[in-house]
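The sequence and structure are shown first.

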Amino acid sequence: MVSEIREPLRRDLGGGSKRGSSVLQTITRALTSSAGRACLELLLVLLLGVIFNADGAFFKEGTHRDTLRQASVYGILACGMTLVIITGGIDLSVGSVLAVSSVSFALLTMHMDWPWWLAIITCLLVGAVFGSASGALISNAKLQPFIATLALMTFARGFAKYITGGQKISTYVTQGDKVIIKELPPIFKVIDSRIFGGNLAIVSVIFLVCFIVAWIFLARHKWGRELFSVGGNEEAARLSGVPVRMAKFLAYTFSGIMCAVAGICQAAQETQGDPETGAGYELTAIAMVVIGGTSLAGGRGSMGLTLLGILTIGYLQKILSINAVPEAGRLMITGIIIVLAVLTQKRRTK
Amino acid sequence: MLPLVSMNGITKFFGPVKVLDRVDFSIYPGEVHILAGENGAGKSTLVKILAGAYSDYQGRIVMEDREIRPSSPLDANRLGIAAIHQELSLIPSMTVVDNFFLGHPMTRSGFVMQKAHRQSAGEILSRAGVDVSVASFVEDLPISVQQLIEITRAIRLNARILIMDEPSSALNAHDVETLFTLVRQLKGEKRGIVYITHRLEEIHRLADRITVLRDGKLVGSALATEVPEKKLIQWMVGREMEEQFPRHTPQISSEALRVENFSVHRASRAHRPHVDRVSFSAARGEIVGIGGLQGSGASELFLGLFGALPKRTEGRVSLEGKAVHIRSPRDAIAKGISLLTNDRKATGLISSMSVTANICAASMANLAAQGWRRPREESRVASEMGKALQLRAASLEMEVGDLSGGNQQKVAIGKWLTTNPRIMLLDEPTRGIDVGAKHEIYQLMNEWTARGISILLVTSEMPELLAMSDRIIVMHRGVITAELSRQEISAEKVLEAAMGKTNGGGNGQ
C-alpha cells in the first residue's frame, strides 16, 4: 500500500493558481454537494408546480400555507427519523407510535377529562417509552433496527387498538346505554388553529420547534457528534470512547417523543383518536429524510437537508392534489420521484 | 525429479510498488515446500498468483512443459491448483456439505445431487480424519475444524498442488497434529504442497524444501537438509541496518505501566487464548517494542489493555504503581491510555467526518464537558494539532476519507494526542504511508518520549522495531518468548523468538 493523494484533495491543493478563474466551478461544486442537490430537487418540484399550476391555484398564498401545514405531522416524524438514520438505523414504528399517542391523547382529554397539560406530558412519556423499547432492543439486545422497529410497529398498532377497543375515540361517549356528546376540549381547537391572521398553523409552529430542537442537538451537542460517529464507523467510535449504546438508545427515544408530538397534532387535526391513523407515515418520513440526502448507510446528513426533503415531498403532494391527480397516479409519481431524487444523491459508491 | 509446476521470473506490481522481483519457485510432487519470509516479503502475493487471484504479473508459469496463466481461482482449480487462504473462504451460514461442493456441484440435468454430495463429502472427510457431521452448519464449528474442512475441500477438487497459507495459525496443539497427519497423507499421494508458516517448529517437522523471500526478492531456495536454522534466520533477516531511524537517547525514568499475568481470551474460551499470561512493564519516556509475526497476539494485547475486549481479559494492570481496572475504551482514555489501531480505515478514523471532528473525537469529555459543543474551541484544537503534526489538508473541514494515507494517519495520531495521553499503544503506526511521513512519525515519537510519555510499539517492520525500541519484548502465539535490552537487540534474536524459539536470548528480567 502506498499513500496517494486522492482526486478531491489534489484538486483542492492544486487549485490555488487557478482559483477565481471560474465562477462556474464554484457553482458546479455547490450543486454537487448534498445541500446543492437537495435544493435543486426542491426547485425542480416547484417548477413542476409553476408549469402545472392548476389555473393559478399554485400561485395562491393559501396553497403554500396548506403545504406547510399538511407536511407538518410528517415533518415532526422526519425530525426523529433523521437522527435515527444518521446512526445507520431506521425507525419503522413511527406511524404506529403516532397512533398510540393520538388515541391516548383523545382518551385522556375527551373520555377521562384530564387537564390538557397532564395529557400532553403523559403522551410524551408514552412515546418515549415506545422509543426507548426500540432503542433497548437495538443497542442492548443487538437486534437489527429494521427487525426491532418492525416488531414495535406491530406491537404499537395492536396497543392502540387494545386501549380503544378498536373504536375511534371522539366526543361521542357511550355511558351505560346512552350516548352523550361531550364538548370538544379546547386544546384541540388551539392546536388546530392558526396565528398571524390565519397564515401560520399551530401544528407548523410545533413542527418548527421540533425541527430547531433536533437541529440544535445534532449540530451543537456532543450527542449529535456521537450519532454521526456511530453511523460513520461504529467500531472506531467505540475505540474513541464514544458511548455507542447510549447514543443509539437516545436516538430512538427521541424519535419516540417526536411520534408522541405528531400524534397529539394528528388527534387535534382529526378531532378524534383513531387507532388506524398514521399507517404508512413511516415510509413518508423515511422518504423525506432520504430525499434530503441523509445517507441510509449512516454517518452523513443534516437537519437542513431533511427540511429540504420535507418541503420537496410536501410540495409534490400538494401539486398532485391541486391538479386532481387520482390517488393511483399520485402514488406512482411519488415513487418515481423518490427513485430519481435518490439516484441524483448517489455518491461515493465504493 | 521434474517439478509439478515452476514459476519463473515472476514480477508483480501493486500500483508503482514492485512487490515481487523476478522470483523463481518450483513445486515438486510428494514434497512440502516451505515458503518463508518476514511479513510483507511477498509470500502471499506469490502464491496468490499461482492460485489465480492476480493475473497481471510478468514471468512464466510452466506446468508439464506447457505455459499456464491462471486467470481466476476457478481456473486454477481446473488446472489442479487449490489454495487454502489465511482468511477462511467457507460460507458460515451454509452446511459443511454445501460448502464442500460450492462452485463445483455434482449435477444431473441441472439439478444438484444432494444425496451423492452427502455421501462423497462424508467419505472424504472421514478418510482425512476430520470428525464432523456433513449436515452441521459451518458457523457452529470451531475454527480449527473449519480450517480442516477447507483443506479437505481442496482434496475433493483432486488438486495436485495445494497451497496452505498459515493453516495452523488458529489451531490448538491437537488440531495441529491432525493437520500434519493430513499433510503427510497428501504428500504420500504425490501431491505438491506449498506451506507458508512463521513457526520454526513446523518448518522442522514438515519441510522438504525451503524457499525464502525478502522484500519481494528470492533470497534462497534449497532442500531442507541444506538449510540449518541459523542459515534460515540469516536468509530471512539479511539486510544491513541503515541509519534511517533517528531514535534519540531516551530519558527513561520511573515505571509508568506494569502488566502482570495478563491474558486475552478468544470469544470462545475453548480455543487457545490470543494472549496467555504475559507480564512486562514500561517506564516513562521509554519505547518498548513488541516483536512478533502474524498471530503473535500483540494487537489483541493492545485491545485488551485498552478495555476494548471487556470480559475477555484477565490479569493485573497498574499505572504508575496504582492498580487499575479498565473496563472500556472510555475508561482507558480517562486514565491516559491511547490506542492507535493497526487499521485506520476500519477502526481508527470515521472517514465520513471532518478532520476537526476526528481530531476531537476522543476528547469530547473535555471539549464538551457540559454536553454542548464549542465549535470554535474544537477548530482551535484541531488547527494547533494540525500544525504540530504538519498535517497537509486543504481544509480542516474536509472529510478525512479524502486525505492521503500519511495525512489520515496523522489525523488518527492527532486524535490521541488531543487526549493528553501518558501511555500510547501504537499498532503499526507507519503502515501504508510513504517514507517522508514515516520519518515525521519517528520524530514525533522522539518528542513524545521526551515529554515523558511511554510508548508500546507493535510493528511488522523489523528495521523500525530494532531502531526505535529501547527494549524489545517478543511474542509468539500469545506468550512472551524473549525480552531484549537495547544492547542485546538483533534481528536474528528477535526473529528466532518470534518463530517460537524460547531459549534464544533475554536477560530474564
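## Nonpolar core

The largest nonpolar core has 248 residues, and those with the most contacts inside it are A:Ile76, A:Leu77 and B:Leu425. A nonpolar core is a set of buried Ala, Val, Leu, Ile, Met, Phe, Trp, Tyr and Cys residues joined through C-beta atoms within 7 Å. A residue is buried if 20 or more other C-beta atoms lie within 10 Å of its own, exposed if 12 or fewer, and partly exposed in between, with C-beta atoms placed from the backbone. Helix H12 of chain A (residues 244-270) contributes the largest share of this core, 16 residues. Helices (H or I, at least four residues) and strands (E, at least two) are DSSP runs numbered from the N terminus.

The model is predicted: local features need pLDDT of at least 70, side-chain atom pairs count only at pLDDT 80 or more, and totals for chains, interfaces and linings use all residues. Residues are numbered from 1 along each chain as its sequence is written, while chains are lettered from A and ligands numbered from 1 in the order in which they are written.

## Chain A

Chain A contains 15 helices and 4 strands. Its radius of gyration is 22 Å, close to the 20 Å that the globule rule gives for 350 residues, so chain A is as compact as a globular protein of that length. The radius is taken over C-alpha atoms, and the rule is 2.2 Å times the number of residues to the power 0.38. The C-alpha trace of chain A spans about 85 × 55 × 35 Å along its principal axes, and 49% of the 350 residues are buried.

Beyond its neighbours within four places in sequence, A:Leu77 is in contact with residues including A:Val94, A:Leu98, A:Met258 and A:Tyr281. Contact here requires C-beta atoms, placed from the backbone, to lie within 7 Å. Among contacts in chain A between residues at least 6 apart in sequence, 77% join residues at least 24 apart.

## Chain B and its domains

Chain B has 18 helices and 22 strands.

An automatic or database domain assignment divides chain B into domain 1 (5-237), domain 2 (250-336 + 421-509) and domain 3 (348-420). The centres of domain 2 and domain 3 of chain B, taken over C-alpha atoms, are separated by 26 Å. In chain B, 8 residues of domain 2 are in contact with 8 residues of domain 3.

## A hairpin in chain B

Strands E11 (residues 209-214) and E12 (residues 217-223) of chain B run antiparallel and are joined by 6 bridges; DSSP must find at least two bridges for strands to pair. B:Leu213 stands opposite B:Leu218 in E12(B). The two strands form a hairpin with 2 residues between them, and B:Asp215 in the turn has a positive phi of about 50°.

## Contact between the chains

The contact takes 28 residues from chain A and 35 residues from chain B. On the side of chain A that touches chain B, helices H1 (7-14), H10 (222-232) and H11 (234-239) of chain A each supply at least two residues. The residues on this side of chain A divide into 11 nonpolar, 8 polar and 9 charged. Ala, Val, Leu, Ile, Met, Phe, Trp, Tyr, Cys and Pro count as nonpolar, Asp, Glu, Lys and Arg as charged, and the others, Gly among them, as polar.

Note on methods:
Two residues are in contact if their C-beta atoms, placed from the backbone, lie within 7 Å.
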